Amino acid sequence: MPGQTFTTTEQPTPGSSETLETTPVLVVGAEPTGLLLAYLLSKLGIESIVIEKYPERLGAPKDHALSPRSLEICRQFGLDTIAIRKLGTPRTDAYWVNFVTNLSGDQVGRLPYERMGPATLKANPEMIHNIPQPVFEQYLTDQLSGDPRVELRTGIAFITCTQDSGGVVIVWVCSTYSILSYRPWLLSRKVAKQYNIANVLLAGDAAHSFPPTAGLGLNSGIADVHNIAYTIAAVQ
Ligand SMILES: Cc1cc2nc3c(=O)[nH]c(=O)nc-3n(C[C@H](O)[C@H](O)[C@H](O)COP(=O)(O)OP(=O)(O)OC[C@H]3O[C@@H](n4cnc5c(N)ncnc54)[C@H](O)[C@@H]3O)c2cc1C
């Protein structure tokens with residue numbers, strides 16, 4: 001909707017500086033959805049700037065399961081899924097879901113992890129893979145390092161944007177966070193009323209967030225940016 005303003009709850013902190021520049025695509029957030037979007041756009045020949053409000057990645061535990069479809073998307077765009085597998089948990093260690101009385105207690109049962117048996121490969125080129133989210137994010141960051149089409153800037157917070165027929169005008173600030181580790185998280189399910197307004201698009205948890213059960217969050221973010229990258233490339 002031309003002329004519409006979008007604003008986050010982020011507030012400029014004292015001492016921050018404002019910057020206005022030109023880029024074909026601004027990606028807000030350098031976790032899996034944003035990092036992979038920048039990577040896919042680059043492979044499709046499109047430059048982007050990625051801004052991330054935190055200066056460093058926080059290592060809080062989150063996703064651990066990459067779905068077969070996510071790995072197919074990685075592979076389609078030249079990411080080495082064998083290398084990704086080597087960075088994660090070996091299948092022999094991740095094959096069982098164990099039920100225990102406590103972390104050092106008795107095992108009272110176990111089930112095979114879904115979609116991890118050899119039969120999976122009869123229907124899919126990839127089987128589900130366990131890898132800690134921060135490790136996968138670092139892998140993606142490494143792939144972007146030195147990419148002339150991607151500029152990753154940390155410690156920069158998106159504040160607000162307006163758009164008209166000439167494009168989107170975005171305001172961001174250099175933030176001055178000194179938080180070492182903090183990641184509030186509430187079990188919830190939410191979906192945005194709209195996924196895009198003209199040239200401003202939502203993806204990943206910004207568009208929809210799930211309880212972690214069934215491992216849908218990161219994997220659906222990957223599916224979002226697979227679609228968005230092609231859509232942006234088609235209209236560039
Ligand atoms: C305990 C737990 C277990 C989970 N298990 C799974 C699983 O097995 N499988 C699965 O698929 N998913 C799982 N998830 C969900 C998964 O972690 C999320 O879906 C995923 O992180 C979403 O990625 P994202 O890039 O869309 O968003 P986020 O990871 O939230 O990243 C958004 C980024 O944007 C940055 N940002 C926010 N606002 C601004 C701003 N104004 N300016 C600049 N930067 C900004 C943030 O700092 C952050 O780095 C789990 C989550 C939890 C908490």
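How do the residues of the shell around the ligand divide into nonpolar, polar and charged? I counted 13 nonpolar, 11 polar and 7 charged. Ala, Val, Leu, Ile, Met, Phe, Trp, Tyr, Cys and Pro count as nonpolar, Asp, Glu, Lys and Arg as charged, and the others, Gly among them, as polar.

**Ground rules.** I am working with a predicted model: local features need pLDDT of at least 70, side-chain atom pairs count only at pLDDT 80 or more, and totals for chains, interfaces and linings use all residues. Residues are numbered from 1 along each chain as its sequence is written.

**Confidence.** I looked up pLDDT, the predictor's confidence in each residue, from 0 to 100. The protein chain averages 88, and 91% of its residues score at least 70. Helix α1 (residues 32–43) has the highest mean of the elements, 98. Strand β2 (residues 18–19) has the lowest, 60. Where pLDDT is low, the predicted coordinates should not be read in detail. Helices (H or I, at least four residues) and strands (E, at least two) are DSSP runs, numbered from the N terminus.

**Ligand shell.** I found 31 residues around the ligand, each with its C-beta atom, placed from the backbone, within 6 Å of the molecule. Gly29, Glu31, Gly204, Gly215 and Gly217 come nearest. Two or more residues each come from α1, β4 (48–52), β10 (156–164) and α7. The largest share, 4 residues, is from α7.

**Helix α6.** I checked residues 133–144 next. This helix has 12 residues and reaches 17 Å from first C-alpha to last. The expected span is 16 Å, taken as 1.5 Å times one less than the number of residues. The arc is that of the directions from the helix axis to the C-beta atoms. Gly146 follows α6 with a positive phi, near 85°.

**Helix α2.** In residues 68–76, I found Ser70, Leu71, Ile73 and Cys74 buried. Their arc is 155°, so they line one face of α2. Among the elements covering them are α3 (81–87) and β8 (129–130). Just after α2, Gly78 takes a positive phi of about 85°.

**Gly166.** Is Gly166 buried or exposed? It counts as exposed, because it has 7 C-beta neighbours inside 10 Å. I place Gly166 in the loop between β10 and β11 (167–174).

Conventions: Buried ≥ 20, exposed ≤ 12 C-beta atoms within 10 Å, placed from the backbone. Contact = placed C-beta atoms within 7 Å.
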